[in-house]
Amino acid sequence: LKEEALSQIEKASSMKEVQDIRVAYLGKKGPITEISKGMGKLSAEERPKMGQLVNEIRTAISDQLEAKVNGLEKAAVEERLKKETIDISLPGRPIKRGNHHPLTRVIEEIEDLFLGMGFSIAEGPEVETDYYNFEALNLPKDHPARDMQDSFYITEETLLRTHTSPMQARTMEKLNGEGPVKIIVPGKVYRRDTDDATHSHQFMQIEGLMVGENVRMSDLKGVLQSFAKKMFGDEREIRLRPSFFPFTEPSVEMDISCFICSGNGCSVCKGTGWIEILGGGMVHPNVLRMSGFDPEKVTGFAFGMGPERIAMLKYGIDDIRHFYTNDSRFIKQFNTL
Ligand code: PHE
């Protein structure tokens, strides 16, 4: 009986078979139970011997069953491990990386260049008061130059800022006439313009302001020259043309020499060889005075540029709307820059 049971266990290859063997041999209706029941009929001498034998067989079978169960479980685990092995020789699947918006890149690049020249970065509110946006910049309520910048008014006294210049006044005002000031101000600005390839009702500006003793026009020119070369390449020249802004006197517009003609960069120069990239000038004495600085003691220069324009020139982008429509095919082209 024992041999038979052990050999069946040996052959069993599934948990179900093992379970069936257990029931067949050790179960209530199995031979071991039968024999135990019949023990009462045996003599007093035979009974302990038989008992011992039955116990021995039962233990042997149940030990063997247990060993088999362990063996089967181990085999199952091994089987699973084998199936789940990772093939480390497979090439990895590339992870899709996002990238910065081209405009963000250009702004960060400009910021880095000015940080390198000792400027720090300031930011101001996009919802601005009439006072900072206009009045503190020498643009009183009836000033005709207010028309240069069609505004989005929110109330009579508040509007979406039309330029980053209000930060000139906000920054100086906090310093109680104590210079020097050397900041750039990147930020969004808004104008009531009809969107087309070169106009957007919302765009970016980067303002620059430097105020201190003996700050001169030549300093403005030097800073801008250095910026233009770093941004567009050493072979770029700049030129300043007279212009007008109520908050600078004298005022200038800066052109850079055109790119060696290729693609879109060419048409924007319209045959003159120059392209305008920013406005600036010497801070008007009235602006200094209104913000608590003494124009007899300090002077300053300011400028404002449009990073979209600069990005368009640098990368040959032909439509400002590309920056704001968020077509990922446009943005992805700047992945490797
Ligand atoms: N704020 C002017 C504009 O938006 C640019 C500018 C800034 C001009 C600083 C002079 C000085 O057109």
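**Ligand shell and backbone features of the predicted model**

The largest share of the shell around the ligand, 3 residues, comes from β9. Strands here are DSSP runs (E, at least two residues) and helices likewise (H or I, at least four), numbered from the N terminus. The model is predicted: local features need pLDDT of at least 70, side-chain atom pairs count only at pLDDT 80 or more, and totals for chains, interfaces and linings use all residues. Residues are numbered from 1 along each chain as its sequence is written, and side-chain values use heavy atoms, with hydrogens and water left out.

The shell holds 15 residues, of which H163, S165, R191, Q205 and E207 come nearest. A residue counts as near if one of its heavy atoms lies within 4 Å of the molecule. By class, the shell has 4 nonpolar, 9 polar and 2 charged residues. Here Ala, Val, Leu, Ile, Met, Phe, Trp, Tyr, Cys and Pro are nonpolar, Asp, Glu, Lys and Arg are charged, and the others, Gly among them, are polar.

Taken alone, the ligand exposes 320 Å², and the protein buries 92% of that. Accessible areas follow the Shrake-Rupley method with a 1.4 Å probe. Two or more shell residues come from each of β5 (202-212), β8 (274-283) and β9 (299-305).

UniProt, in an unreviewed entry, places a "binding site" feature at E249. Such annotations may be inferred rather than shown by experiment. E249 lies in strand β7 (residues 248-257). Its relative accessible area is 46%, so E249 is partly exposed (buried is under 20%, exposed over 50%, partly exposed in between). E249 touches M282 and H284, residues up to four places away in sequence not being counted; contact means heavy atoms within 4.5 Å.

The peptide bond from E249 to P250 is cis, with omega near -5 degrees. P250 also sits in β7. A cis bond likewise joins G179 to P180, with omega near -10 degrees. P180 lies in the loop between α7 (166-174) and β4 (181-190).

Positive phi values occur at two asparagines. N138 has phi near 70 degrees and is buried at 17% relative accessible area. N326 has phi near 55 degrees and, at 51%, counts as exposed.

Conventions. Buried means under 20% relative accessible area, exposed over 50%, partly exposed in between (1.4 Å probe, protein chains only).
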